[in-house]
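Have the sequence and the model open alongside.

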Amino acid sequence: MLGAPFAELPGQVVLVLQGGGALGAYQVGVYQALHEAGLEPEWVIGTSIGAINGAIIAGNPPEQRLSRLKQFWDGVAYRGAAEGSAGFRQIEDWLRVLSVTTRGIPSFFTPSPDAWWLGVRATVGLGRAAFYSTSPLRATLARLIDFDYLNARQTRLTVGTVSVRSGRMRYFTNRDTPLNIDHVMASAAFPPGFPSVQVEGEHWDGGIYSNTPLEAILDDRPRHSSLIFAVQLWPASGPEPDSIWQVMSRLRDIQYSSRAESHLERQRQIHRLRHVSRELGKHIPESERMHADVQELLGWGCGTTMHVVELDAPQLDGNDMHRDIDFSTCGIERRWMAGYQDTQRALERAPWREPLDPIEGIAVHRVSTEMPDGCG
């Protein structure tokens, strides 16, 4: 049974999951805390690794979700030597990056012979124009996701993709059409690392265009009041870099954070106008309000509210530009625990209970995050 903070929620519970490879372990910790609190999401939206985690969540009954997520992350974990001195850890990190780069991860991706032997200029077709094959991921997801259950729409799932040819963003959702493994694979594609995947006769990439799929919920029609847990893996803000290596790392942060803050600010302005339109309608005489053209204009207004709880994954000590392929057991464990603890703090605080200005349609609640020390 839900506790006092959850007795009256401000709307449907939505879980928004950003892309970020190995950083996605943080998302699993977030879901575990929600699950243990009895807050199963009614809608999961994801891109790239967020689409994979999201499909495993929505594609299984609640009592099986954590075990399926654990199976996935246990399968992709890199098991190297035990933790040692700082110098030894640097060698271990280098060996891990070398292993993942040259050998891949058996249950996720493996090197593509076309890329390594024929070269990057060889004409092999879009579906094979990548450094790695994701055939192992297809087999893994087929074992872990029940697509019959997914398409029974017990939980809504939306995955983000972008067309290779047009550059147009598109979201596929099981509310409107049955989803299959290709939709998840298409969102998880990341050329030229992972190959594009064909959906509905066209090849689609993953979160290159928008790695933070918040707009899928904020632009949804019909609109519903929502409590949104937005899980962000790449920091939009950070310290000023002072080396080329740090510049390259910071560049990736900015690129993959995908302008989440600007998206939110734009949506806050739009939602405010919707609320203003609704309030203005109250001052129009009833005889005038019933005219068809007035009704059409008033239809642009609404009174829904969106509470966005931002959960930003903290960085491991010494994090660098390879952190999205840090599939070490220690890295996965620490990120998972960080997501769990950060979400527990958010649930204890329950900031959505704070009063909201009736003209403001979106409230953003930022939760402090921290990384647990060491590995168990």
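## Positive phi

Glu200 is exposed, with a relative accessible area of 54%. Here exposed means over 50% relative accessible area, buried under 20%, and partly exposed in between (1.4 Å probe, protein chains only). Glu200 sits in the loop between S7 and strand S8 (202–205). Its phi is positive, about 55 degrees, although Glu200 is not a glycine. Most residues other than glycine have a negative phi, and most peptide bonds are trans.

Arg153 also has a positive phi without being a glycine, with a value near 60 degrees. The loop between helix H7 (147–151) and strand S5 (156–163) holds Arg153. Arg153 is partly exposed, at 49% relative accessible area.

## Basis of the model

The model is predicted: local features need pLDDT of at least 70, side-chain atom pairs count only at pLDDT 80 or more, and totals for chains, interfaces and linings use all residues. Residues are numbered from 1 along each chain as its sequence is written, and side-chain values use heavy atoms, with hydrogens and water left out.

## Whole chain

The chain has 14 helices and 11 strands. Helices (H or I, at least four residues) and strands (E, at least two) are DSSP runs, numbered from the N terminus. Of the 376 residues, 51% count as buried. Take the contacts between residues at least 6 apart in sequence: 76% of them join residues at least 24 apart. Contact means heavy atoms within 4.5 Å.

## Cis peptide bonds

Where are the cis peptide bonds? One joins Pro191 and Pro192, with omega about 0 degrees. Pro192 lies in the loop between H8 and strand S7 (197–199). Another joins Arg221 and Pro222, with omega about -5 degrees. Pro222 belongs to the loop between helix H9 (215–218) and strand S9 (226–232).

## Helix H8

How many of the 8 residues of H8 are buried? The count is 7, so H8 is largely enclosed by the rest of the structure. The buried residues are Ile181, His183, Val184, Met185, Ala186, Ser187 and Ala188. At the start of H8, a side-chain oxygen of Asn180 comes within 2.8 Å of the backbone nitrogen of Asp182.

## Packing around H8

Two packed helices are described by the angle between their axes and the distance between the axes. Axes are lines fitted to C-alpha atoms, for helices over the stretch in contact, and angles run from 0 to 180 degrees between N-to-C directions. Helix H2 (residues 49–58) packs on helix H8 (residues 181–188) at about 150 degrees, with the axes 7 Å apart. H2 and H8 are therefore roughly antiparallel (angles over 145 degrees count as roughly antiparallel, under 35 as roughly parallel, 65 to 115 as roughly perpendicular and the rest as oblique). Their crossing is left-handed: the near helix is turned anticlockwise from the far one by less than a right angle, whereas clockwise would be right-handed. Ala51, Ile52 and Ala55 of H2 meet Val184, Ser187 and Ala188 of H8. The residues of this contact divide into 5 nonpolar, 1 polar and no charged. Ala, Val, Leu, Ile, Met, Phe, Trp, Tyr, Cys and Pro count as nonpolar, Asp, Glu, Lys and Arg as charged, and the others, Gly among them, as polar.

Helix H6 (residues 135–144) crosses H8 at roughly 130 degrees, and the axes come within 11 Å. That makes H6 oblique to H8. The crossing of H6 and H8 is right-handed. From H6, Leu137, Arg138, Leu141 and Ala142 meet Ile181, Asp182, Val184, Met185 and Ala188 in H8. The residues of the contact of H6 with H8 divide into 7 nonpolar, no polar and 2 charged.

## Around H14

Arg335 lies in helix H14 (residues 329–349). Is Arg335 buried or exposed? Arg335 is buried, at 3% relative accessible area. Its side chain makes a polar contact with the side chain of Asp326 (3.2 Å). A polar contact is a pair of N or O atoms within 3.5 Å; within protein, one must be able to donate a hydrogen and the other to accept it, and residues adjacent in sequence count only if both atoms are side-chain atoms.

Ile332 is also in H14 and is buried, at 6%. Ile332 and Val28 are 304 residues apart in sequence, yet 9.8 Å apart in space, C-alpha to C-alpha. Leaving out residues up to four places away in sequence, Ile332 touches Ala25, Trp73, Val76, Ala77 and Phe327.
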